[in-house]
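Hi everyone, thanks for coming.

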Amino acid sequence: MNHKSIDINIGSEATKTFTLVSITIYIMAILNGANIISNSFSAAIQALSIIPILILTLVVQRQISITFIFAVIVSIAICIINESVYMLSGTMMIVFIYTLNSIPDIDYQKMLKWIAFTSMTTFGMVVGINLLTGWGSNNYEMWRVDGFIFRKSLGFSHPNVTMLLWLSIVLTICSIYKKSERLLTIFVGVSTYFIYSQTQSRTSTYVIMLYCFSILIIGKHVYDRVGKTLSKLLCILLPILFFLISLYSLLHPYSEWLDVLLSGRLSLYQQFYDTYGIHLLNTPELENAMFDNGYLQSLLAKGVIFTIQLLFILTSIGWKVNRMRIKDILLFGMYISIAFTETALQHFELFLPIAITFAESHKKEALNY
C-alpha cells in the first residue's frame, strides 16, 4: 500500500473521530443550554472528548512537533499551578488546532455538514417543543435603555444562551462550501431576525447580520485570498485589539450612557476589578461571577498567565494560512468580536468551526501552490 493510500485511510478515520467528537461537544452544549444536563456533566464529557483526539494524534503522527509538546506541557502546568481543572480548555484548544492541521486528508466539509445537521436538528427540536408546549420557558422582563423589554428563551436557560447557540450553528453552516452562498445568507438572516424578535439578544444578532450584509455585498469574491502581510496582521491584531478595548473599558472611566447601553456591564466589571484586582493566577471568588466579556473574564477570574496563553492560542488559530480567504476573516472576526459582550472564547461549539475552517483553508492553499 503506497503512502497516498495510507494517508487517505488515516484521513478517513480522523474524519470519523473528529466528527463524532465535534457532534458530542455540540449536543452537550445544546442539552446543557436547555437545562437537560448539568454544566459539570457537560464540561466533563467535553473534556473527555480530548482523549480520542490525543490517541489519534499519537497513533497516526509519524513525528510529533516539539512546539506542540511544549505548548501542551505548559498548558497542563498552568492548570496545575492554578489548581483549576476547567483551565484544561486551553490544552484542548491546542490539541484540536494541531490535530486538524497536521493529519492528512481529513474531510473538513464532511465534518462540517454532519455537525451542522446534528446541531440544527437538536437546536430545532428544543425550540419546536418550546413553541408547541411552552416547555423550558425561561422568559425575562427587563429594563433596557429607555423601557422594559420582554425576552423569551425558546426552551433554553437564558435568551442570550439561545442566541449564542444559534451563532455556533451559523458559524458551522457558513463554513460549508456552497454555490448558493447568497441563498444561505438570506436564510441565516431571516432565521436570525426571528430568533432575535423572541430573545432580544443584541450582540450575536448584530454580528450575524453584519456577516450577512458583507457576504451579500462581496458575493462570489468571498473565497478570494488577501495578501500574506494582511493575513498575519489580522491573526495577531484582531484578538489583541478586542482584548485591549476590553482592558480600556475596565481601567478607564466610563460614561453613564454607555454603561446603560451595555446593561450595566461596565460598572460591574470595574466593581470586580476594584474588589479583587488583577493577579497572575486565578481568583476563585470570580470563577462563577457574571461576566459578559470573555477577555475580562479570563483576565480577572483566570489570571494573567492563563490570559497570555489564551491570546497566544487565538492568534495561532489561523497562523498557518499564509493568505486568508475573505470568508476566513469574516468568520474569525465573528468569533473574536462576540467575546466582547459574551464569555464565548472557550465555548468549543464556537471555537471548532473556526479551527476547522482555518485548517481547511491552509490545506487548500497548499494544494494550489
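**Starting at Ser89**

Leaving out residues up to four places away in sequence, Ser89 touches Phe306, Gln346 and Phe348, where contact means heavy atoms within 4.5 Å. Before I go on, a word on the source: this is a predicted model, in which local features need pLDDT of at least 70 and side-chain atom pairs count only at pLDDT 80 or more, while totals for chains, interfaces and linings use all residues. Residues are numbered from 1 along each chain as its sequence is written, and side-chain values use heavy atoms, with hydrogens and water left out.

Back to Ser89. With Gln346, the side chain of Ser89 makes a polar contact of 2.7 Å. By polar contact I mean a pair of N or O atoms within 3.5 Å; within protein, one must be able to donate a hydrogen and the other to accept it, and residues adjacent in sequence count only if both atoms are side-chain atoms. Ser89 and Phe348 are 259 residues apart along the chain, yet their C-alpha atoms are separated by 8.6 Å. Is Ser89 buried or exposed? Ser89 is buried, with a relative accessible area of 7%. Buried means under 20% relative accessible area, exposed over 50%, and partly exposed in between, with a 1.4 Å probe and protein chains only.

Now the helix around it. Ser89 sits in helix H5, which covers residues 88-102. Helices (H or I, at least four residues) and strands (E, at least two) are DSSP runs, numbered from the N terminus. H5 has 15 residues and reaches 21 Å from first C-alpha to last, close to the 21 Å expected at 1.5 Å a residue; that expected span is 1.5 Å times one less than the number of residues. Since 13 of the 15 residues of H5 are buried, the helix is largely enclosed by the rest of the structure.

Please compare that with helix H7, residues 159-173. The end C-alpha atoms of H7 are 21 Å apart, which agrees with the span its 15 residues should have at 1.5 Å a residue. In H7, 14 of the 15 residues are buried, so this helix too is largely enclosed by the rest of the structure.

Next, Asn293, in the loop between helix H12 (265-276) and helix H13 (294-302). Which backbone atoms does its side chain reach? The side chain of Asn293 comes to 2.8 Å from the backbone nitrogen of Leu296, and one of its polar atoms lies 2.8 Å from the backbone oxygen of Phe340. Asn293 is buried, at a relative accessible area of 1%.

Among the residues that Asn293 touches is Ala339. Ala339 belongs to the loop between helix H15 (326-338) and helix H16 (348-367), and is buried with a relative accessible area of 0%. Beyond its neighbours within four places in sequence, Ala339 is in contact with Asp292, Asn293, Gly294, Tyr295 and Leu345.

**Two positive phi values**

Finally, two residues other than glycine with positive phi. Asp105 has phi near 60° and lies in the loop between H5 and helix H6 (108-133); Asp105 is partly exposed, with a relative accessible area of 42%. Leu154 has phi near 55° and lies in the loop between strand S2 (147-151) and H7; at 1% relative accessibility, Leu154 counts as buried.

That's my tour, thank you!
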